[in-house]
Amino acid sequence: MVGATELQERAAHAVPAEYVTRIGPWWLRHAPGCSWWIGSVLPHMPHTPHSDASLTSRAELDGLISAAEAYTAERGIPTLMQMTPGAVSPELDAILEARGYERQASVSLQTATTSQVLALAPTGSLRARLDEEPTREWFEAWHGIVGGDPDPQWRLLRRVEERGAYVSVELGGETVAVGRAVAESGWAGVFNMATRPEARGKGAAGAVLAALAGWAAANDVPRMYLQAEHENETAMRLYGRLGFSELVPFYFRVLEK
């Protein structure tokens with residue numbers, strides 16, 4: 001059974017940082033101009049068949065933390081650790097807290113079977129368009145909802161190497177909701193879900209997820225995963241209605257420069 005470590009690393013492939021350095025099992029990432037969490041460190045334990053959390057000594061952890069802090073200091077950015085229980089050493093949280101790292105954000109890593117999502121997805125008259133490459137039309141619709149610097153966000157999409165699906169849903173002749181999925185090794189990760197405010201509560205986001213699940217099923221991808229902030233109650237309710245359930249909650253530890 002795929003665990004949290006493998007899913008988080010699939011997510012890192014689906015939302016690739018511009019710069020990635022591997023030090024042992026840790027991923028040091030930098031994503032200028034993109035969402036803050038894309039540049040977080042993945043401080044993962046080894047996940048080979050014979051790996052064991054107890055094999056990571058305190059000295060090894062201290063060395064990895066210092067390497068991560070040097071990496072971020074060179075780039076003038078905060079050190080941001082993604083803390084997923086089961087993926088990181090049990091001692092790491094207390095060590096980071098003692099070093100002054102603050103705990104921030106609370107995120108839910110959720111999973112569902114593709115068939116479950118399809119069975120529960122709403123059926124309606126909303127029109128969904130699906131492309132297997134990022135188009136400027138899809139990107140402009142997404143960027144129009146979420147904002148930010150468009151150039152690094154577009155470059156991020158062009159870095160994705162795995163198979164993908166880009167869905168947009170129309171209402172009244174206008175694109176009102178978008179989302180994308182990336183397939184890797186039997187799992188489809190859902191990302192970039194966004195709905196225009198005036199279309200919320202009208203089934204647009206559900207139609208996006210239904211189209212993404214249909215694409216996953218057509219490509220023999222049996223399971224799906226996504227990440228949502230716990231405080232986003234609307235999204236959490238939607239995902240629950242479509243069969244997603246929490247695999248593990250995770251959070252971030254941040255050391256400001």
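Student: In this predicted model, how far apart are the end C-alpha atoms of helix 2?

Tutor: Helix 2 covers residues 58-75, which gives it 18 residues. At 1.5 Å a residue such a helix should span 26 Å, and this agrees with the separation of its end C-alpha atoms in the predicted model, which is 26 Å.

Student: Within what arc do the buried residues of helix 2 fall, seen down its axis?

Tutor: The buried residues of helix 2 are L61, L64, I65, A68, E69, Y71 and T72. An α-helix has 3.6 residues a turn, so residues three or four places apart point the same way. The buried residues of helix 2 line one face of the helix, because, seen down the axis, they fall within an arc of 155 degrees.

Student: Which exposed residues does helix 2 carry on the face turned away from its buried side?

Tutor: The buried side of helix 2 is covered by elements that include strand 1 (19-23), strand 2 (26-30), strand 3 (79-83), helix 3 (92-98) and strand 10 (245-255). On the face turned away from that buried side, the exposed residues are A59 and E74.

Student: What is the radius of gyration of the chain?

Tutor: Along its principal axes the C-alpha trace spans about 60 × 35 × 30 Å, and the secondary structure of the chain comes to eight helices and ten strands. For 257 residues a compact globule would have a radius of gyration near 18 Å, and the chain agrees with this, its own value being 19 Å.

Conventions
Residues are numbered from 1 along each chain as its sequence is written. This is a predicted model: local features need pLDDT of at least 70, side-chain atom pairs count only at pLDDT 80 or more; totals for chains, interfaces and linings use all residues. Side-chain values use heavy atoms; hydrogens and water are left out. Helices (H or I, at least four residues) and strands (E, at least two) are DSSP runs, numbered from the N terminus. The expected span of a helix is 1.5 Å times one less than its number of residues. Buried means under 20% relative accessible area, exposed over 50%, partly exposed in between (1.4 Å probe, protein chains only). The arc is that of the directions from the helix axis to the C-beta atoms. Contact means heavy atoms within 4.5 Å. The radius of gyration is taken over C-alpha atoms; the globule rule is 2.2 Å times the number of residues to the power 0.38.
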